[in-house]
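Hi there,

I'm passing this structure over to you, as promised. Please have a look at it first, and then read my notes below.

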Amino acid sequence: MTHLENRNLRRPVALAALLALGTSPGLNAWAQSTLTSPAGESTLTLGTVQITDKAQGPLTARNVLSSVDVLGGAAVQDTSVDYSWELLQRAPGVLVTPFRQGTDAGRFSFRGFNGEGRVNAVKLLIDGIPSNDNAGGMPFLDAVFPLDIENIEVVRGTNDPRYGLNNIAGNANVNTRIGGNETQINTTLGSFNTREVQLAKGIETANWTQNYFVASRDSDGWRDHANARKLAVAGKWFYTTDDGRHRAGLSVRHFENDALESGYLSAAAAASAPRSSPSYASADRSTRHTNQVGLFHDAQLGDLSWSTRLYRNTYTNQRWVRFTQAGVQQERDSDENQDGAISTLTWRPQVSWAHELVLEGGVDYQRQTNLSQRYRTVERVRTSQIRNWDYTLSNQGAYVQAMIRPVPELKIVPALRVDHFSGTLVDRLAGSTLPLNAYGTVPQPKLSVVYSPWQKASVYANVGRTFQIGTGIDAYRASTQKRDLSASLNDGWELGLKFSPHEGLDGRVAYWEQKASGEVARTLGVDGLVDTGGQGNIGRTLRKGYDLQLNLRPTGKVSGWVSYSHQQATITAPDPSAPTTLGKEIENVPHYVASLGADYQLNSGWKISAWGTAQGSYYVERSNTLGKFGGNVLLNLSAQWRIQPDLTLQLQVRNLANRAYEYVWYDSGSWGHSPGDGRAYYATLAWKFK
């Protein structure tokens, strides 16, 4: 056990104190809960969310799915973070994995999966546009800064038929601003020489909406050799016809990031000098560029609603990294392009035998053309090439679902999705061409039920199937492979209760399980001495857990929330080459994640807020013999002063207690420790005007 772990031995006591703070009458929720989910829905909301209830357009997640959580703009727009994936710490049941290494800074996951990169299990969308890379990572999320976010919708579980690829544990859709007639400028100064400017401009007329966004964030980082310089630019233009039956739009988004890498430390160095950077990482750095272009069209044709999205994503990342003193520096280059289309048709017929009936079908297509190249380097000078993949991956998917309400109290949502894949990989170093594994057509039946016999409670249940295919070279059949690999099927179910016993209080209790028929994990190859790429077989796995959530608003000035998710991921039938992993836990999955917060509006001019997160420790490898790491409890405070109606000053303190915490990995005898940021102070001046 490291010194960092010793410093966290008191975390259960700290967590209890934090829970007490979150429910004390003296403070209230950082993110205001609207507490407006109607009966028959199991969605919970943090932060103010503007919802227009109209019986048009495609079925939304909050209408038909079960474990749905919405983070409103008020919960995220005023938060100072280095990267937007950090905002997901507030969402119930979400685990954030902070590498904090150059452009590869971190990502999020849930339902017993981790964000480490071996298995990326969350489908990410930005304004409904798929936004994962080939491996399921989330580089496009970096382009969306907090001020540009209208809300974040998180769907946990296996019962969402709208998406196939990467939708293993669920999905998250980040919706950005649209419309409005105001300009907002946020300027932030803070610790580690942080300087940030965000500008959001909305222009709305009878038929047109225009939205523009520009942001820049520079920071030296808490650790040495951790400088990062980020720039984001976005625009959205939408036109609606006079009769409101048609809407068409264009969205454009660009992001670039130049960052140094502080490197991974040994356990001793992380404990004695957590802000240091090892000398062998002095030449490590990375550069990332992402672009997204989307075309949108929505039409209302009587009882039919038709929605179509066309998009193009491009992602380039050049990274020089040396993971350990014994390893060698690598240059890792990714160049990925995605072209896709999504179209959904929704029919709302009037029938006599049901209170409500909605039928929906959708199709989607994505084609990836990707390059993945790696080199051994010395001080960023290439000495030899160790990877040169040129590959394509095409995904065709379709789904049908119905929302049936035979009586007002009962909602039944059966669904079926199918996905098919094709593609080819050219290994230019080996001089070989590999066909995609013949995954065939992957069927995914799903069923969701919500029963609301009481106005103040809803019981819900769902079952569903999702799937996992290989990424990179592992998706293609090698000449030494005896047979095509099948997709790993993930079968899950959930049973829950969503309740609102009285005005100002709502919550959820749920139990869930998810089984994988043949889970695989990426081989990260951190030392660069070999570069087989691909993935290793884990075997059959079982993930299970329970979620507890509570939102409360005891008075008009006070609100708060608390969530606790317990989870466990175990191997039930191991890979034949690793029989000792039977019954062992999958690496980097803590047993719990928790979040809570409180917000107290003293008067019209002042608001005081507190929120915190906690997670348990985790094993770093599948034998479960090398100890547990990563547990932490972190607390943040904020105060807002409305100087004038259009001018607000916000002061934030992150990691108030200056707790030591870290991300830890282990790979084939090599260790890496990445200490998290210490206490940090930020001041933001927000100016809104017409």
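Here is what turned up, taken topic by topic.

Please keep in mind that this is a predicted model.

A nonpolar surface patch of about 1000 Å² is built from Leu-447, Tyr-451, Trp-454, Val-459, Val-463, Trp-493, Leu-495, Leu-497, Val-509, Tyr-511, Tyr-546 and Leu-548. Strands β23 (441-454), β24 (457-468), β25 (488-502), β26 (505-522) and β27 (535-552) each contribute at least two residues to the patch. One of its members, Tyr-546, sits in strand β27; with a relative accessibility of 34%, Tyr-546 counts as partly exposed.

Next, the inside. The count comes to 15 cavities of 30 Å³ or more. I looked at the second largest cavity, which has a volume of about 530 Å³. Its lining consists of 37 residues, and those nearest its centre are Gln-89, Val-96, Thr-613, Leu-634 and Tyr-661. Two or more lining residues come from each of β4 (94-101), β29 (592-601), β30 (606-615), β33 (632-644), β35 (662-667) and β37 (680-689). The largest share belongs to β4, with six residues. What is the lining of the second largest cavity made of, in terms of nonpolar, polar and charged residues? It divides into 17 nonpolar, 14 polar and six charged residues.

Now for the charged pairs. The whole structure holds 37 salt bridges, and a few of them may interest you:

- Asp-127 and Lys-236 meet through their side chains at 3.5 Å, N to O. Asp-127 lies in the loop between β6 (122-126) and β7 (129-130) and Lys-236 in strand β13 (residues 228-240), so this pair ties together parts that are 109 residues apart in sequence. Both Asp-127 and Lys-236 are buried.
- Asp-339 and Arg-312 form a salt bridge whose closest N and O atoms are 2.8 Å apart. The pair joins strand β17 (residues 329-347), where Asp-339 lies, to strand β16 (residues 304-321), where Arg-312 lies, and the two residues are 27 apart. Asp-339 is partly exposed, at a relative accessible area of 32%, and Arg-312 is partly exposed too, at 38% relative accessibility.
- Asp-419 and Arg-417 form a salt bridge at 2.7 Å, N to O, and both residues are buried.

Finally, there is a network of salt bridges that links Asp-69, Arg-111, Arg-156, Glu-494, Arg-508 and Asp-547.

Best wishes

Terms used: Residues are numbered from 1 along each chain as its sequence is written. This is a predicted model: local features need pLDDT of at least 70, side-chain atom pairs count only at pLDDT 80 or more; totals for chains, interfaces and linings use all residues. Side-chain values use heavy atoms; hydrogens and water are left out. Patches are made of residues with over 30% relative accessible area and no salt bridge: like charges are joined within 9 Å, nonpolar side chains (Val, Leu, Ile, Met, Phe, Trp, Tyr) within 5 Å. Accessible areas come from the Shrake-Rupley method with a 1.4 Å probe; for residues, only the protein chains shown count as cover. A salt bridge is a side-chain nitrogen of Lys or Arg within 4 Å of a carboxyl oxygen of Asp or Glu. Helices (H or I, at least four residues) and strands (E, at least two) are DSSP runs, numbered from the N terminus. Buried means under 20% relative accessible area, exposed over 50%, partly exposed in between (1.4 Å probe, protein chains only). On a 1 Å grid over the protein atoms alone, a cavity is a set of points where a 1.4 Å probe fits but cannot get out, and a pocket is an open set with protein on both sides within 12 Å along at least five of seven lines; lining residues have an atom within 4 Å of a point. Grid points are joined across faces, edges and corners, and a volume is the space filled by probe spheres set on the points. Ala, Val, Leu, Ile, Met, Phe, Trp, Tyr, Cys and Pro count as nonpolar, Asp, Glu, Lys and Arg as charged, and the others, Gly among them, as polar.
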